[in-house]
Amino acid sequence: MKIMHIADVHLDSAMSAHLSNEKRSERRAELLASFVRLVEAAKTEKVKAVLISGDLFDTGKVKSVTAKTVMNAIAGAADISFFYIRGNHDNQDVFRGRDDIPPNLHLFGTEWKTYSISDVIDITGVELAGRNSSAVDASLVLNNDKYNIVMLHGSVVMSHTVKDKEFINVKGLKNKGIDYLALGHIHSFKDDRLDGRAVLVYPGSPFGRGFDECGEKGYVILDIDEYSKSAEYRFVSFPARRLYMPEVDVTGLNSVFEITGRIREELKCYDRENLLEVVLKGEVDALLEIDLPFIEKCFEEDYYFFKCKNETKIHVDIDDFRKDATLRGEFVRLVMSKEDISEEDRARIVRLGISALAGEKI
């Protein structure tokens, strides 16, 4: 039996603050459309169940069109059972109490609940609702003869002292008969052993929303052999816009024109539909003014979104000014002799001072 594991979809998210209002609205629509495509992917994979391990929504004010679209997508996959636990962002109980909930959508509450999806596979879950998992793990009872999937939302830790509501104390879950701990909350794929029997898996978010969610995104397919009760799982990359923060070393370059050329060379492997925030690295001459708005203008038509961040360090060679008898040389020597100023600040002061002495606006 094949099962899809997703989490942290964050529908109706505010999206990256770097985007324009128009593009934020467009990205929210894309996010909702991508959830529909996830359901289609579940059909293509021929899964029997989809686990949604929390944060399906991003906010307590879920739009009616969003909730309706989700329910229609789920209802349209009638042969697949969907199991959904709320995460820390799902603070509105969107589905409970409605009379139009698809019959193949199964919910959990604040007490452990188990669904049997075959003679040998059980899915058990609980919504922590602000409690640390140690408050509920003692009451978890599983049938050791089954293949047991347990759904939770939070960051795993090993200590009983953690009180944060977004943390899961997995120490109390060890040796409980769990086979697959289906987690949500961490936005990148992550897996580990829980004990000799169990694995814990975060599928990560299926699509990035901001530059803290860069790189490959997707879901996990769990494939269970019902005869032997053994299983394998794999991460599957999901096709959607991706966010990247490539670093470009501009050491030794002498003009913004050369910098844009270096950036263009480094970005050849990135597709046009992606969102990029390029980070400039390396050491540059004190007199080189890096014009970020100009650089961004050069690339704004090449990608869905482009931003540039300057993290270069200013290089000042005191030997270049040691014998300079001008006011400029005296200024540089004075600043560079100040040991109570950081090296980075000294270099910045030198650049500003030289520019001022040259009559440039700063």
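Guide: Gladly! Let us begin with T66, which lies in helix α2, residues 64-75. Helices here are DSSP runs of H or I with at least four residues, strands are E runs of at least two, and both are numbered from the N terminus. This is a predicted model, where local features need pLDDT of at least 70 and side-chain atom pairs count only at pLDDT 80 or more, while totals for chains, interfaces and linings use all residues. Residues are numbered from 1 along each chain as its sequence is written, and side-chain values use heavy atoms, with hydrogens and water left out.

Visitor: Does T66 count as buried or exposed?

Guide: Buried means under 20% relative accessible area, exposed over 50%, and partly exposed in between, with a 1.4 Å probe and protein chains only. T66 has 2% relative accessibility, so it counts as buried.

Visitor: Which residues does T66 touch, not counting those up to four places away in sequence?

Guide: A contact means heavy atoms within 4.5 Å. With those sequence neighbours left aside, T66 touches L11, D12, L32 and F57.

Visitor: What about backbone angles; what is the phi of D8?

Guide: D8 is not a glycine, yet its phi is positive, about 55°. D8 sits in the loop between β1 (2-6) and α1 (21-45), and it is buried at 1% relative accessibility. K229 also has a positive phi, about 60°, without being a glycine. Its place is the loop between β13 (218-225) and β14 (230-237), where K229 is partly exposed at 34%.

Visitor: How many disulfides are there in the whole structure?

Guide: A disulfide is a covalent bond between the sulfur atoms of two cysteines. The search takes a pair of cysteine sulfur atoms within 2.5 Å as a disulfide, and it finds zero in the whole structure. For C269, the closest cysteine sulfur is in C214, 14 Å away and too far for a bond; C269 is exposed, at 62%. For C298, the closest one is in C308, at 10 Å, again too far, and C298 is partly exposed at 29%.

Visitor: Zooming out, how many helices and strands does the chain have?

Guide: The chain has six helices and 20 strands. Its radius of gyration is 27 Å, well over the 21 Å that the globule rule gives for 362 residues, so the chain is more spread out than a compact globule. That radius is taken over C-alpha atoms, and the rule is 2.2 Å times the number of residues to the power 0.38. Along its principal axes, the C-alpha trace spans about 90 × 45 × 35 Å.
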